[in-house]
Amino acid sequence: MKFSFDRDSMIKEISIAQEIITNKSPISILSNILLEAQNNTLTIKASDTSVNFITHIPVEVQEEGTTTIYCDKFMSILTSLPQGEVEFEQEDIKVTIKPISKKIKFQLKSIASDKFPEIASTEAVPFFEVPAKDLKEMICQTVFAVSDDGNRYFMTGVFFTKKEDNLIMVATDGRRLSFIQKPIAQSIPDFTPSIVPVKILNCILKNAASEGTISVAVVDKMVFVKFGNYEFSSLLLDGQFPNYQRVIPEKQSFSFQVQKNDLENALKRTALMIDKKICRILFKVSPGVLKLVSPESDIGTADEEIPCRYDGNEIDLALNYRYIEDPLKVINAENVVFEFTEAMKAITLRPEPSSDYLHIIMPMNLE
């Protein structure tokens, strides 16, 4: 096998492959990428057996063939080379990589491609189209709220479903929940509600453009995604996702509104004095004023007042500051509203004016 390619173009593709690969052992086939050179096209494949990646890039093929090479080392070689055309040549189990314009040469050992795991074909997969901007926003509003508890595996992904004309995504770790729905499913066929792993969602978020559409399919126990020259597929997570509809309050009696920037800055300063193992911060709400207080600890305390729109009775709420900080990063509004009924019941955080997403936070004990 022999072909030449542009160094910068190859780096872009291999960096995505690195996101997929989890096994970093140089003797494992799962640490390798599969390269197939044919018809002046190079097909690159990466897999961790659960999540798969395929891309196609134009190259100049002198001799067709296929092999696998150690991804991390290939990337290190590429980044060390000067910009320009690079030649790739394989003989037996040895691969030679050298820039055409410089007297530099690297040699890598390869592993036969027949040992690479099979990646499911997408030829007969029934894809539907989703506006890229909408899908990326749905991922943004939910992906941070998944659980990292391996014992609750079914909560380590994002729930994806269709309800009437709405596409819905929900994530929860048991103490918070993020929900978004988009009225974009009129022409989308019904599919089985699924729990999608975070890894493939982050790949979409990082690599998909915000214009155009993204092709998605949910088939059996797999999710398939295509955009540009990229194809991703992943096993879905097993398990019964919690009934999110029971968690979202139908009606809440009280609310207060603050400017998002005021809250973000005050939260950042007050959090400097918070015990990071507990993460508790106090919201003391009174007419016209929200006071953020870090509970007293061995290192000291902090408090800050910011204006708010509220005309109810004074109330103290204890919240995990990370559960406020995370959604504030993705809420696209100048003002946010907190809706509540009492100190120990679920609190809703949403933009003002209301949008198609919201975040539910369970309070902590005041002491």
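Guide: Start with one term: two strands count as paired if DSSP finds at least two bridges between them. Also keep in mind that this is a predicted model.

Visitor: OK. Which strand does S4 pair with over five bridges?

Guide: Strand S17, residues 230-235, and the two are antiparallel. Within that pairing, Val 51 stands opposite Ser 234 of S17.

Visitor: And how many bridges join S3 to S4?

Guide: Seven, again in the antiparallel sense, with S3 covering residues 41-47. Ala 46 has Phe 53 in S4 as its bridge partner.

Visitor: What sits between S3 and S4 in the hairpin?

Guide: Three residues separate the strands there, and Thr 49 takes a positive phi near 80 degrees.

Visitor: Is S4 largely enclosed or largely open?

Guide: Six of the eight residues of S4 (51-58) are buried, so the strand is largely enclosed by the rest of the structure.

Visitor: Let's switch to charges. How many salt bridges are there in the whole structure?

Guide: The search finds 17. Side chains of opposite charge can pair when their charged atoms come close. One of the bridges is between Glu 19 and Lys 206, at 3.4 Å from N to O.

Visitor: Where do Glu 19 and Lys 206 lie?

Guide: Glu 19 is in helix H1 (residues 7-20) and Lys 206 is in helix H4 (residues 198-207), so the pair ties together parts that are 187 residues apart in sequence.

Visitor: Is Lys 206 buried or exposed?

Guide: Lys 206 is exposed, at 62% relative accessible area. Glu 19 counts as partly exposed, at 24%.

Visitor: What does Glu 36 form a salt bridge with?

Guide: Lys 45, with the closest N and O atoms 4.0 Å apart. Lys 45 is buried, at 19% relative accessible area, because the cut-off for buried is under 20%. Glu 36 is partly exposed, at 28%.

Visitor: Which residue does Asp 134 form a salt bridge with?

Guide: Lys 182, and their closest N and O atoms are 3.8 Å apart. This pair links distant parts of the chain: Asp 134 is in helix H3 (residues 132-140), Lys 182 is in strand S13 (residues 176-182), and they are 48 residues apart. Asp 134 is buried at 17% relative accessible area, and Lys 182 is buried at 8%.

Visitor: Which residues are linked with Asp 134 in a network of salt bridges?

Guide: Glu 137, Lys 182 and Asp 356.

Visitor: New topic: sheets. What is the order of the strands in the four-strand open sheet?

Guide: The order is S21-S20-S19-S22, with antiparallel pairing. S21 (300-307) and S22 (315-320) are the edge strands, each pairing on one side only. From one strand to the next, the twist averages 20 degrees.

Visitor: Which helix packs on the sheet, touching S19, S20 and S21?

Guide: Helix H6, residues 260-270, whose direction makes about 170 degrees with that of S21. Helix H7 (residues 321-330) lies across S19 and S22 and runs at about 75 degrees to S22.

Visitor: How many bridges are there between S20 and S21?

Guide: Seven, and S20 covers residues 289-297. Leu 292 has Glu 304 in S21 as its bridge partner.

Visitor: Which elements give two or more residues to the lining of the largest cavity?

Guide: H4 and strand S16 (222-227) do. The largest share, three residues, comes from H4.

Visitor: Last one. Where does Met 364 lie?

Guide: In the segment after strand S25 (357-361). Leaving out residues up to four places away in sequence, Met 364 touches Ile 278, Arg 280, Ala 318, Leu 319, Asn 320 and Met 344. The C-alpha atoms of Met 364 and Leu 282 are separated by 9.4 Å, although the two residues are 82 residues apart along the chain.

Methods. Residues numbered from 1 in each chain as written. Predicted model: local features only at pLDDT ≥ 70, side-chain atom pairs only at ≥ 80, totals over all residues. Heavy atoms only, no water. Salt bridge = Lys/Arg side-chain N within 4 Å of Asp/Glu carboxyl O. Buried < 20%, exposed > 50% of the residue type's maximum accessible area, 1.4 Å probe, protein only. Axes fitted to C-alpha atoms, helices over the stretch in contact; angles between N-to-C directions. Contact = heavy atoms within 4.5 Å.
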